[in-house]
Every structure is written in structure tokens, then in C-alpha cells.
Amino acid sequence: RGGAGGEESALFASSLYRMYTMYAESKGYKDELMNMNETELGGIKEVSFIVSGEGAYSRFKFESGVHRVQRVPETEAGGRIHTSTATVAVLPEIDDVEIEINPADLQIDTYRASGAGGQHVNKTESAIRITHLPTRMVVECQDERSQFKNKEKAMKVLRARLYEQQQEQQRSAVAADRRSQVGTGDGSERIRTYNFPQGRVTDHRIGLTLYRIDSIMDGDLDELIDALVTADRAEKLQAAGDAS
């Protein structure tokens with residue numbers, strides 16, 4: 001979702017969504033759009049999508065966090081460089097048996113799906129909004145024309161979010177002061193900067209800078225993600241050694 005920076009952050013969120021779908025395609029993963037809230041200028045306020053395929057989560061999990069962009073916005077007449085952010089959350093898909101949801105805890109609303117500018121995509125109320133009443137967590141899905149399919153997708157996302165919340169609470173209770181593992185850091189932390197004037201992308205978690213921003217924005221993420229996987233593996237080995 002777009003963060004600080006108004007319309008420019010929404011345009012950056014759109015660029016990130018394009019980057020991730022191109023990366024998914026290059027790896028042979030399947031991506032399914034869940035819900036997209038667009039701006040009139042072609043930006044994205046918020047988008048939810050599912051990436052499926054063997055090993056998909058182990059690659060994408062390192063993208064969670066705040067991404068920062070530095071560039072001259074299309075809407076900037078004076079040529080000044082602006083700094084904006086977008087936040088990415090990556091959650092694993094959870095099997096039904098791993099977390100139980102009481103149907104009585106759900107409020108399910110239907111509405112007509114809408115596109116950019118608010119116009120209605122279709123005439124039937126096929127879009128679904130599910131509210132988990134105990135946590136006030138809300139999930140929407142309007143991608144499919146079938147209300148049943150939208151509900152099915154929304155429940156998958158809700159289950160994943162509740163599972164992640166449960167895991168986070170357990171992690172906090174066990175080690176409130178322990179530094180988060182690479183890739184699962186606090187969402188308020190800036191994990192990566194995309195500097196367009198300098199043509200560079202810097203991942204702040206591992207101090208890696210690559211001067212090929214165009215290919216990265218076109219979905220060529222393997223060098224970045226491989227380095228993060230290696231750093232994560234080394235950190236876990238060190239933690240295991242310290243524990244023993």
C-alpha cells in the first residue's frame with residue numbers, strides 16, 4: 001500500500017506491484033489479484049494479491065517492510081526529487097487446520113465491485129468484505145465475478161493475517177527485546193531505498209547496493225533475494241551456535 005508521499009507513494013506502490021508480478025512470472029509462480037484500490041492518476045492506494053508456487057513464500061517473505069523511493073514525480077513541474085514510501089506485507093497461506101475461525105465472529109458484507117474513479121465494474125453485488133469482529137480485522141475481495149470465489153479468497157487472506165498476528169504475539173511474549181530475523185522486521189523500519197536519479201537500489205538490512213534500478217523494477221530480484229537468503233541462513237546458524 002502507498003505510504004507517506006500522497007499520489008507519488010501510490011504511483012510507487014503501482015511500480016512495486018508491477019515489479020512483483022514480473023518477478024513471479026519469471027520464477028514460474030502464479031499470481032492472482034485479490035483487491036485493488038486505484039487512484040485516478042494510475043497509482044495504487046492498496047492492492048492484495050496471492051502468489052503461489054513451490055518456494056514462493058521463501059523468496060517473497062524478505063519483501064515485508066517499508067520501501068522508500070527517491071525520484072522526481074511525474075506530477076512535479078519543478079524537477080525536485082521527492083521521497084515517498086510504500087509498505088509491503090507478505091503472509092504465508094495457512095491451511096484450514098492451522099487456525100480455527102468461529103463463523104459467529106464474522107460479519108460478511110456484499111457490495112458492487114468498483115474500479116478506478118469509483119465506477120462500478122459489474123451490476124451484481126459480487127464483492128465481499130469480511131470483518132473479524134474480535135480483532136476488527138477487515139479483508140476485501142472484488143476480483144472475481146463470483147461471490148463464492150471472492151469469499152473463498154477473502155477467507156484465505158483473513159486466515160493468514162490472523163495466523164501472522166498469533167505468531168507475532170507469541171514472538172513478542174517469548175522475546176520482546178530480541179532483534180527480528182532478516183525479512184521479518186518491524187513494518188516501521190525502512191528496508192530498501194530505490195534512488196532513481198542515481199540508478200541504485202540499496203537494501204539496508206544487509207548493506208547491499210546495486211546500480212541497476214531499471215532491471216530490478218522489471219522484476220529482476222534474484223540477486224537481492226539470494227543475498228538476503230544467504231544472510232538469513234548465516235544469522236540462523238550463528239543463533240543456533242550461540243544457543244548451544
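Predicted model: local features only at pLDDT ≥ 70, side-chain atom pairs only at ≥ 80, totals over all residues.
Let me begin with a convention: rings of Phe, Tyr and Trp (its six-membered ring) count as a pair if their centres lie within 6.5 Å, and such a pair is called stacked when the planes are under 30 degrees apart, edge-to-face when they are over 60, and tilted for the rest. By that convention the structure holds five aromatic pairs.

One of them joins tyrosine 29 and phenylalanine 60, a tilted pair with 6.3 Å from centre to centre and 55 degrees between the planes. This pair links distant parts of the chain, since the two residues are 31 apart, with tyrosine 29 in the loop between H1 and strand S1 (30-38) and phenylalanine 60 in helix H2. Tyrosine 29 and phenylalanine 60 are both buried, where buried means under 20% relative accessible area, exposed means over 50%, and partly exposed lies in between, with a 1.4 Å probe and protein chains only. Tyr20, Tyr23, Tyr29 and Phe60 form one aromatic cluster.

Residues are numbered from 1 along each chain as its sequence is written, and side-chain values use heavy atoms, with hydrogens and water left out.

Now the overall picture. The protein chain has five helices and ten strands; these are DSSP runs numbered from the N terminus, helices being H or I with at least four residues and strands being E with at least two. Of its 244 residues, 39% count as buried. The accessible surface comes to about 13500 Å², and 46% of that belongs to carbon and sulfur atoms, the areas coming from the Shrake-Rupley method with a 1.4 Å probe, where for residues only the protein chains shown count as cover. If we take contacts between residues at least 6 apart in sequence, 55% join residues at least 24 apart, a contact meaning heavy atoms within 4.5 Å.

Let me turn to the sheets. Strands of a sheet pair through backbone hydrogen bonds, either parallel or antiparallel. Here, two strands pair if DSSP finds at least two bridges between them. Five strands form an open sheet of mixed pairing, in the order S4-S3-S8-S9-S10, and its edge strands, S4 (82-88) and S10 (208-210), each pair on one side only. Neighbouring strands of this sheet are turned by 15 degrees against each other on average, direction ignored; for such angles, axes are lines fitted to C-alpha atoms, for helices over the stretch in contact, and the values run from 0 to 180 degrees between N-to-C directions.

Helix H1 (residues 6-26) packs on this sheet and touches S3 (65-71), S4 and S8 (190-195), its direction making about 110 degrees with that of S3. What makes S3 largely enclosed by the rest of the structure? Seven of the seven residues of S3 are buried, so the strand is largely enclosed. S3 pairs with S4 in the antiparallel sense over seven bridges, with glycine 65 opposite valine 88 in S4. S3 and S8, by contrast, run parallel and are joined by five bridges, and there arginine 68 stands opposite threonine 193 in S8. Further along, S9 (residues 200-203) and S10 pair in the antiparallel sense over three bridges, where valine 201 has leucine 210 in S10 as its bridge partner.

There is also an open sheet of three strands, antiparallel, in the order S5-S6-S7. S5 (106-111) and S6 (residues 127-132) pair over six bridges, and leucine 106 stands opposite histidine 132 in S6. In the loop between S6 and S7 we find arginine 136, which has a positive phi of about 60 degrees although it is not a glycine. Arginine 136 is exposed, with a relative accessible area of 56%.

Leaving aside neighbours within four places in sequence, tyrosine 20 is in contact with Phe49, Phe60, Glu63, His67, Val88 and Leu221.
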